[in-house]
Amino acid sequence: MREKIFNGIGIGLLALCFVVALTRIVLMNKGRTDDGRKQITLRLAHWQLENGPREAFEEMAKAYMKLNPHIRIEQIAIPERIYPNWLITQLVGETAPDLIEIGIGMTDELLARYFVPITPLVNQPNPHNRGTPLEKTPLRETFFDGMEGGYNQNLFEYYTAPISGVTIRMYYNLELLEAITGSRTLPRTYEELVSLCEKTRAYAEENQAPIVPIAGSRYNGPMLMNLLFSSQTQKLSERIVPPGLLEADPITAAGAYLRDQWDVETPEVRSGLELMRDVGQYMQPGFIQLMRDDATLLFVQKRAVMICSGSWDATSIRLQSGFDLGVGRIPFPSRDNPKYGKYTEGGLSEAGTNAGLGFGLTRNGPHQKEALDFLLFLASQRANQIWTDVSGWIPSVIGTRAGKEVEPFLPQAEGYLRGLQITIGGGFADTTRVFNTNFHLLVSPLGGVDAFTNAIRGQYPETLVSDLHRYVRTQRTLVQRGDTQLGALSWMASRQGENRILQQRFDTFLQADSFNQQQFYRARLLVEQEKSPQP
Amino acid sequence: MIDFSLSNGRKRFCRSIVALCVIGVISPALAAREKPTPGLDDAWRDAAGFLIDEANRIFAETKASSEDQEIERTLGEALTLLNIQPRTASNLERAEGMLKKMAAKEGRAGVFARYFLARIYEMYSEPPRTDEARAMYQELLRSGGDDPMAERAASALVLMEIYENVSPGERARRFEALETMAGTLKSPSGLRAYHLNMGNGYLYFPKMEGSARKAFDHLMAADRIGITRWQVESMTWIAIGQLAERLGEKELAITYYQRFLDRYQRDNRHYSISKALEALREQ
């Protein structure tokens, strides 16, 4: 009897919950505003869990909802680690939000199948820029990068209107800096950086204070060290790249290595490794075992004078630090540096920085018209002002005022191209793995440049060739995939001779296709030459 | 005797059920009628937009109403079979079979089929059937007229020839043989692709005698036709500037550097080229 009562109560509660949930859903969908319009909920998904973006999205949503009382915006913040899996599940399961941040885990296939291109809109003014100086400017020209960050070069379509940009900077604890040097002037060159590091060490010893010059981790350390490395290989790159290229792409770098134009003992590469080791010595011992949060914690706890990170961390660091924060460009060795000046051209240019952080409009979203309008609102000057003011991130829309705290992060055009990377880049995973596995030898107090080069010298050629094999396969797939598009565009273009846009698209595609084929053939030649060298 | 008569309430219930069934049957039919059956134009659009599986389904299911439409349908199906997922040997065989049937057709369809047959031999077959691809491309150049797809065979041949693993002497001979091809090409896109591949080829093998001059000539020829992809255009302009500088054509180098600086202001190479220009002007 007692059991029956409990079962009855259980079933009753279950039924009650069901009815309440059902009512809520029905009310949510049937809800109407005062002017009789149906209430709509738009969902916006992203992975920006840092301090700043979520609050900014909230404010932008509020501003939009004020203009459109019948629309409610919900943001869904997904951790970066699970974002790719979440994305694919939502898209395949047709439960995806209306707008999804494009980037992590996204492929051309997913974009083409599940997202709506916004290409037809890019040459029209953004209606949400009405009343601003951009009122009559085509959408594409309202972004500092000409909306390049929203363009997919393989699909020849714009899929997003990016709202921000990123740069890498050194963050300084100004109070510690003043205590150590008597001034709040930030180092501008590598020499000044080293001087600050030495002074910090002396200060720490003198005051028995647990302070290190630079907070490092496996995330922040290599970020700074790789940039410094590439300052030493700039002249080497100039020697090995053919005219027109200026910067060594993976095929050029790998080809030059296989043709004995450089190796891990080349003076420029060795100098880069020494520079990495030198700067690594100013980070806390064992930093390579630590995570990003550990380094940030060390810095905000006033136990490091500097930390290197991207502009995306600015608001998080600022909110947690509780001291005056200074931000400056990476201090590179100057040309007159007695040790590191010989091989460098100078600091790196950021002129080509693209805007990023853009949302794609999902194909199966129930409220596409409204979602597109919100997407355009996010890309408007007014919303971009809210974005930069609240998030502290770089704005992407021309005419948006960067606040005092954002200004140091704006891309700087002056500077040279980066030199070749020892890890080659461009998906050379095995080479990168060998580098990463032995990286501790380069930075540990007991290791050194010799220990590191001795460890990787034997493995490096083999991994480079294995990466080249993979590159050939990838490039071949890219070319094959392009064939169907090429054929379709060609057929359509031949039938619609007067369609200028289509003709242009076909023409541009032909040039992209030729380039991809050329890269395929060059990589294949390198692999074959390695197997059977010609006299 | 059983009474089959229904009470009023039951009648209403039965009528409702019947009405619901009718709606259930009619509404999908109406919905289907509202959505027109996708045609070949939709399939080409899907294929161009990377929706290859969808395009293949339309091509395969379309019932052609004329011979021309059947040719178009077959070509579309073959083209999409090359890339539907998963990529299988049997799909490739089917595509090859279909294209072979179409290869003898007159005009555009034949050119299209022969070009993609050559592509199968060159890029899809394992191991590549290089000789068959080469022969097909050469045949296309002879018989395809000024069709841009036929003239694409020239740029494909350039890549196949110069990036083959041969001795430097043999490569130089091949470059020389390919030089004669320019006179046979007529379409701007075919010529441009040929000149770009030749020019970049000479740049990639700089030890060949006279390669800088030849690279310069080919890239200039491509630029005169007009390059519409910004990545290619910017790279070509810098290359022409650097080659001109190397060949002692200072004014031309200045022109091309300046052209790059004017058009590509938001480019990581901007500062380096502005410094190069400064140095050149000071000379």
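Colleague: At about what angle to S13(A) does helix H13 of chain A run?
Modeller: This is a predicted model, where local features need pLDDT of at least 70, side-chain atom pairs count only at pLDDT 80 or more, and totals for chains, interfaces and linings use all residues. Residues are numbered from 1 along each chain as its sequence is written, with chains lettered from A and ligands numbered from 1 in the order in which they are written. Helix H13 (residues 368–378) lies across S1, S2, S3, S4 and S13 of chain A; helices (H or I, at least four residues) and strands (E, at least two) are DSSP runs, numbered from the N terminus. With axes as lines fitted to C-alpha atoms, for helices over the stretch in contact (C-beta atoms, placed from the backbone, within 7 Å), and angles from 0 to 180 degrees between N-to-C directions, the helix runs to S13(A) at about 170°.

Colleague: Happy with that! Which strands stand at the edges of the sheet in chain A?
Modeller: The open, mixed sheet has the order S2-S1-S3-S13-S4, where pairing takes at least two DSSP bridges between strands. Two strands have a single partner each, so one side of each lacks a neighbour in the sheet: S2 (71–77) and S4 (115–116).

Colleague: How many residues does the contact take from chain B?
Modeller: Chain A gives 50 residues to the contact. Helices of chain B that each supply at least two residues include H2, H6 and H14. From chain B, the contact takes 49 residues.

Technical notes
Contact = placed C-beta atoms within 7 Å.
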